[in-house]
Amino acid sequence: MFDTAFDQNNESISTLSFDEFRKIIVNDYRTALESRYVSLLGRKEVLTGKAKFGIFGDGKELAQIAMAKVFRNGDWRSGYYRDQTFIFASGISDVYRFFSQLYAHPDVEADPSSAGRQMNCHFSTRVLDDQGNWLDQTVQKNSFSDISTTGGQMARILGLGLASKLYKQNRNLDYLSYFSNRGNEVTFCTIGNAATSEGVFFEVVNAAGVHQIPAVISIWDDGYGISVSNETQTTKGDISEILKGFQKEELTNGIEIFKVRGWDYAGLCETYEQAANIAREKHIPCLIHVTELTQPQGHSSSGSHERYKSQERLQWETDFDCIAKMKEWIQSSGIATDEELDQLDRDAKDFVRQEQKRAWTDYIRTLTLEAKEAIDLLSRIPNEKADFAAKKLQSMVEPSLKEVYGQVRKILHELKGKDTEGRQELLNWYKVKQEINEKRYNSKLFTDGVDSPFNVPTVEAIYSEDSKIVDGREVLNLCFEENFQRDERLLAFGEDVGKIGDVNQGFAGLQDKLGAHRVFDTGIRENSIIGKGIGLAIRGLKPIAEIQYLDYLIYGITVASDDLASLSYRTFGGQKAPVIIRTRGHRLEGVWHSGSPMSVILGSLRGLHVCVPRNMTQAAGMYNTLFRSDEPAIVVECLNGYRLKERLPENVGEFTVPIGYAERIKEGQDITVVSYGSTLRVVEEAAVELERLGIFIEIIDAQTLLPFDKGQLCAESLKKTNKLLVVDEDVPGGAAAFILQEILENQNGYYLLDSQPRTLTAKAHRPPYGSDGDYFSKPSSDDVVETVYAIMHEANPEKYPSMFE
C-alpha cells in the first residue's frame with residue numbers, strides 16, 4: 001500500500017529503508033499528537049478568558065497529514081478553518097504562531113497570517129513584501145487567506161487552478177517565473193461536509209469539471225454541521241454519492257471522485273498521492289470525500305456536542321478517533337513500542353505547552369509595556385481620578401489595550417482645558433500611540449504599495465482635428481485591444497464575453513485576435529466569476545471579471561465582499577488580488593435591468609475602488625489606470641452609453657483618469673450640483689433649461705465613489721456657490737447620502753453653506769417597465785430643474801418666485 005507514497009520532502013517511501021520509513025511514520029504520529037494537544041489546550045485558553053473564541057481541527061489530523069505529503073512548493077491551499085494539522089505538517093505555520101493568532105497578537109512577526117486581525121485557524125502565507133511587491137511563490141508553499149463564511153473558500157480555486165493551466169499553455173507568460181513553474185502546481189481546497197450544501201460548492205465543482213483545472217478538493221466529513229446531521233443536510237446523506245454525475249468518463253470532462261476513511265492512515269496516504277498525481281500531471285480535478293472523521297470537542301469553544309450527539313455516536317467517536325486508530329496500527333505493525341509511543345505523547349504535550357507559554361509571554365509583553373508607560377504617566381498627574389486610573393491598571397491580572405487606552409482617555413476627558421501637571425505629557429504619549437494603534441487595527445484596507453493606482457501618472461487624452469467620432473463601445477474596444485496587446489497578463493471573462501465580445505460589444509472581435517485563453521466565456525455563475533478573478537489575480541495575472549449587469553452583482557456579493565474586499569486588510573497587506581470587476585448599470589427600463597444599488601456596493605465593498613464613469617472615454621481612462629496598478633476595483637459603465645457618440649482619443653490605450661478625483665465639467669456660480677454616471681447627463685440637460693431661468697449651476701462629476709474627491713473639488717466649488725444638490729439614482733439615503741456625508745463632514749462643507757443641502761434620488765422601489773416608469777421613478781431633467789429652482793427660491797424668493805404656488 002506504500003509502493004508509491006511520498007514523505008513530506010516528496011521522496012518515494014518505496015526507496016527508503018525500514019528505519020527511514022519508521023521515522024516518517026513516527027514523525028507523522030508526533031505531528032498528529034501535537035496538533036491534537038493544540039486543540040485541547042487552545043479550547044482551555046478560550047474558556048479561561050485568555051482568548052476570545054476558538055475553533056479547532058481535532059479529529060481531522062491524519063487526512064491533513066496525508067495531504068501535506070503531496071503539497072509542494074508553488075502549490076496553493078484554499079482552505080477550511082479546521083486545517084491546522086495540515087498547516088503544521090506542511091510547514092506553513094507552527095504552534096507558536098497558532099497561539100499568537102488565538103490571542104490576537106497585533107504583530108505580523110508573531111502572526112504572519114493576519115497580525116491578530118483574524119481568529120485562530122485562519123491561515124495565509126505572505127506573498128508580498130513591505131512595499132507591496134510580489135514575492136516568489138514557487139519557492140514556498142502558499143495558502144490563500146482563510147475566511148469564515150462557509151463555502152467561501154471554493155470560488156477562488158477556479159482562478160488559482162486556471163492560472164496553472166494558463167501558465168502551462170501560454171509560453172508568453174514564462175517571464176512570470178516567480179508565480180509558476182510552467183503550470184506545475186496544484187490547488188488544494190478543503191471544505192466541511194455541511195458547507196457542501198452551499199450553492200457556491202456546486203457552482204465551483206461544475207466549473208472545475210468544465211475547465212479541467214488542476215485541483216484536489218477535500219471534504220472533511222464528520223457527519224454534522226454543528227448539530228445538523230448529514231441526513232438533513234444532503235440528499236442520500238452522502239455528498240460523493242450525489243456527485244457521481246460529475247465523475248469523469250472516457251472522452252468527457254468531469255472530475256475524479258475518491259472516498260476514503262479519515263482514520264485509515266495508509267489509505268489516506270495512497271489516495272492523496274494518486275489524486276495529486278492526476279491533478280498535477282493530467283490537469284483533471286479530483287474530489288476526495290474523507291468520511292468517518294470525528295470532532296472530539298464539538299464545533300467550537302461556544303458549545304458542546306454532547307447536546308446533540310447520542311451516547312452511541314460519542315462512543316463511536318472515541319473508538320474511531322483517528323489518532324487512536326493510528327496508534328493501534330503502529331503497535332500492530334511493530335513500528336514503535338508502547339513505551340516509545342507514550343514518550344511521544346508526553347513530549348508532544350510538553351512541546352505544545354511550551355510554545356503556548358512562549359506565545360502568551362510575547363503577547364503580554366507588548367501589552368504590559370504600554371500599560372507600564374500609561375501607569376507611569378498617570379502617576380505623575382496630581383489628580384485623584386488619575387491616581388485611581390493608575391492603580392486600576394496596576395491591578396490588572398491580564399492587561400488589555402482596550403483597558404489601558406480606555407483609562408487614559410477618561411483622564412484626558414477629566415482634565416480637558418486644565419493646565420494640570422503631567423497632562424500634556426500624557427496627551428503627547430496618547431497621540432503617538434494612536435498612530436501606532438491606527439497601523440495595528442485600521443491600516444491596509446488597500447495594499448498602498450509601489451503599484452498603487454495613486455502612483456500612476458496622469459496622462460491627458462489627446463485629440464486632433466482628425467479625431468474620429470465613434471460609438472462609445474468602440475472607444476472601450478480599442479482601449480481593451482491596445483492594453484491586451486501591451487500586457488500579456490490581461491484576461492477577460494464572463495457570460496457572453498468571449499465569442500460575441502460581451503452583450504454591448506466592448507470585447508467584440510478580441511477573442512479572434514487574442515485567443516480564447518485571453519478572452520473567454522463562462523457560465524452564469526457570478527460567485528465563480530469573481531472567485532476566478534481573485535485566484536488569477538493573486539497568481540500574477542490581470543483579470544477582468546465581468547458581471548453582465550449591475551443587478552447581478554448581488555449574486556456574487558458574498559465572494560466580492562467577504563473575500564476580495566477584505567483580503568488586504570485581513571492579511572495586514574500580505575496578500576492582494578488586483579482583479580477588476582466590470583459591469584454596467586443605470587437607467588434601463590424594467591425592474592430587473594435598471595438597478596443602481598450603489599449603497600450595497602458602498603456598504604459591502606470597502607477595499608475596492610468604485611469607479612462610476614459618465615461615458616466610455618472616462619471608463620477607458622480609468623481602465624488604463626487600473627491596468628497599470630495593483631489594487632482591486634469595480635467599474636460600473638453606463639448601460640445607455642454604448643451607442644452614444646464620443647470623440648476617440650489618439651492615445652486611447654495610454655491616457656489615464658486619476659482614481660479618486662472629481663472633475664468640474666461645467667462652471668457656474670449659483671449652486672453646486674454633484675452627480676456621477678448616467679444622471680450626469682440628466683444634470684447637463686437640466687443645466688440648459690436652468691440657464692433660461694437665469695440660474696447657472698456648477699456641475700461636479702464624482703467619477704469615483706471610493707475614494708471620493710481626494711482633491712476636495714466639491715468644497716472648493718461650495719466656497720463660490722454656497723449651495724449644494726447631490727443627484728443620483730440609487731435609493732433615498734443611498735449613495736447620495738454617502739456623498740453628502742463626505743462633503744459636509746470630511747470636506748467641512750457644512751461651514752460653506754448658506755442654505756440646506758439637498759439630495760435628489762430615485763424612488764425607494766425599483767422602476768417599473770417602460771419609459772414612463774423610468775421617468776416617474778428616477779431623477780429626470782425636469783426633477784433637477786425644479787429641485788435646483790426650489791433651492792434658489794428659498795434663498796431669494798423675490799428673484800425666483802415659486803413655480804407651483
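Two strands pair if DSSP finds at least two bridges between them. Helices (H or I, at least four residues) and strands (E, at least two) are DSSP runs, numbered from the N terminus.

## The model

This is a predicted model: local features need pLDDT of at least 70, side-chain atom pairs count only at pLDDT 80 or more, and totals for chains, interfaces and linings use all residues. Residues are numbered from 1 along each chain as its sequence is written, and side-chain values use heavy atoms, with hydrogens and water left out.

## Strand β21 and its partners

Strand β18 (residues 671-675) runs parallel to β21, and three bridges join them. V673 faces L725 of β21. On to β22 (residues 758-760): β21 pairs with this strand in the parallel sense, again over three bridges. Here V727 stands opposite L760. Between β21 and β22 the chain passes through helix α25 (residues 735-746), and this β-α-β crossover is right-handed. Right-handed means that, with the strands pointing away from the viewer, the path from the first strand over the helix to the second runs clockwise.

β21 covers residues 724-727. L724 and V726 point one way, L725 and V727 the other, and all are buried. Buried means under 20% relative accessible area, exposed over 50%, and partly exposed in between (1.4 Å probe, protein chains only).

## The open sheet

Seven strands form an open sheet with mixed pairing. Their order is β11-β10-β12-β13-β15-β14-β20. β11 (519-521) and β20 (704-706) are the edge strands, each with a single partner, so one side of each has no neighbour in the sheet. From one strand to the next, the twist averages 20 degrees.

Within the sheet, β10 (residues 490-494) and β12 (residues 542-546) run parallel, joined by five bridges. G494 stands opposite E546 in β12. Helix α22 (residues 616-627) lies across several strands, including β13 (580-585) and β14 (609-611). α22 runs at about 165 degrees to β15 (633-638). Such angles run from 0 to 180 degrees between N-to-C directions, and axes are lines fitted to C-alpha atoms, for helices over the stretch in contact.

## Domains

The protein is divided into domain 1 (18-336), domain 2 (366-441), domain 3 (453-647) and domain 4 (663-795). These bounds come from an automatic or database domain assignment. The C-alpha centres of domains 3 and 4 lie 26 Å apart. In all, 30 residues of domain 3 are in contact with 31 residues of domain 4. Contact means heavy atoms within 4.5 Å.

## Nonpolar cores

A nonpolar core is a set of buried Ala, Val, Leu, Ile, Met, Phe, Trp, Tyr and Cys residues joined through side-chain atoms within 4.5 Å. The largest one has 94 residues. F99, V216, Y272, V290, L426 and W429 touch the most other members. Helix α12 (residues 338-379) gives the largest share, 14 residues. Domain 1 and domain 2 both contribute, so this core lies between them.

F99 is in contact with V38, L41, G42, E45, V352, Q356 and A359, leaving aside its neighbours within four places in sequence. Another core, of 86 residues, lies apart from the largest one. Its members include A195, L567, L602 and F708.

Helix α2 (residues 61-69) is mostly covered: nine of its nine residues are buried. Among them are E61, Q64 and K69.

S777 sits in helix α26 (residues 771-777). Its relative accessibility is 5%, so S777 counts as buried. Leaving aside neighbours within four places in sequence, S777 is in contact with A762, K763, H765, P767 and P768.
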